[in-house]
Amino acid sequence: MSTSSLPTGLPTRLPIGITLGDVAGVGPEITVKALAEMSPDDRARTIVYGNIPVLEAAARSVGSDLTFADLDKAGPSEIAVANVEIEGEPIPFGKLDTRAGDAAFRFIARAVDDAMAGRIGCIVTAPINKEALNNAGHHYDGHTGMLAALTGSKASFMLLASEKLSAIHVSTHVSLKTAIDRATPQRILATIRAGHEHFRRIGVERPRIAVAGINPHCGENGLFGDEDRLQIVPAVEMARAEGIDAVGPIPPDTVYHRAHAGAFDLVVAQYHDQGHIPMKLVAFDTTVNVSLGLPIDRASVDHGTAFDIAGTGKANHVNMNAAIAYGRKLAANPKPAARKGAA
């Protein structure tokens with residue numbers, strides 16, 4: 001199967017593309033484990049963007065008998081791979097390697113090209129190592145910023161989604177001081193809109209959105225700062241004026257408990273740790289990282305490269321299974337803008 005021969009529209013049965021991430025980490029083995037558990041039909045609707053020798057090494061490490069072939073040559077029983085060559089392949093597991101950082105970028109870039117062309121319905125990403133990525137000359141703060149740059153998007157948003165709790169972030173990989181400065185009414189409003197549109201797309205008719213405050217007790221009427229009053233309140237008021245069911249600011253030390261108990265569908269977190277800590281506490285193995293605000297869909301595991309266990313076959317692939325399931329749901333319900341762009 002060749003990506004050039006895939007349909008250019010976005011039908012519900014369009015394949016997903018899995019990128020291997022940093023090949024020195026656990027990405028290859030969690031991908032192989034997930035592929036091994038797929039039905040034949042699901043495997044036929046999956047393309048791996050990676051490196052065949054690395055996948056073969058990962059298969060040996062987990063005791064899998066899966067076989068891999070280039071897209072143009074893959075038979076019915078083989079996993080189709082958009083193969084990207086790597087100098088010295090396969091790269092040893094468990095060690096920081098600039099070659100792995102460069103390969104991770106090239107996997108993603110090729111998958112983005114196919115997603116933009118309507119050849120795959122969603123990209124599912126295995127973890128990258130930011131140090132290796134930057135050492136290779138690809139200066140991004142992570143997947144979200146990289147995907148925004150590759151798709152020419154002005155802004156993107158990180159959503160962490162799980163069964164009982166979900167959080168979308170106003171900012172992610174920046175200092176806390178910078179995060180507070182970035183939490184402008186316009187950026188907060190854009191974050192609320194992105195979350196509202198996404199939840200409507202996945203079947204929540206009227207998403208209930210809680211906006212977390214910045215300061216303790218939301219500033220206590222200026223006693224602990226004015227940011228909540230000056231930056232968050234106007235954003236919530238504008239969102240409500242648009243018909244969005246948004247409330248806030250709500251003190252961040254209580255809002256996640258209320259959301260987990262069912263009061264809200266989504267929490268808007270003002271910065272990285274405000275959203276990540278509660279998500280990883282309540283759904284460490286099943287949280288899916290979803291990029292919003294892009295012309296393409298992307299879902300990802302929400303863990304790192306785990307160099308300490310890479311290549312041992314011990315890596316848990318539960319999170320990869322969750323990301324793949326979310327990716328297939330998005331591929332089956334494509335964005336109207338994506339469908340138009342692929343035409």
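I call a residue buried when its relative accessible area is under 20%, exposed when over 50% and partly exposed in between, using a 1.4 Å probe and protein chains only. The model is predicted, so I kept local features only at pLDDT of at least 70 and side-chain atom pairs only at pLDDT 80 or more, while totals for chains, interfaces and linings use all residues. Residues are numbered from 1 along each chain as its sequence is written, and side-chain values use heavy atoms, without hydrogens and water.

Cysteines: I found that cysteine 122 is buried, at a relative accessible area of 0%, and that cysteine 218 is buried as well, at 16%. I looked for disulfides (two cysteine sulfur atoms within 2.5 Å) and counted zero.

Sheet: I took helices (H or I, at least four residues) and strands (E, at least two) as DSSP runs numbered from the N terminus, and strands as paired if DSSP finds at least two bridges between them. Twelve strands form an open sheet of mixed pairing, in the order 3-4-2-1-5-12-11-6-7-10-8-9. Strand 3 (68-70) and strand 9 (246-250) are the edges, each with a single partner strand, so one side of each lacks a neighbour in the sheet. Strand 2 (residues 46-50) runs parallel to strand 4 (residues 79-83), joined by four bridges, and I noted tyrosine 49 opposite alanine 82 of strand 4.

Helices: I fitted axes to C-alpha atoms, for helices over the stretch in contact, with angles from 0 to 180 degrees between N-to-C directions; contact means heavy atoms within 4.5 Å. Helix 1 (residues 27-37) lies across strands 1, 2, 3 and 4, at about 165° to strand 2.
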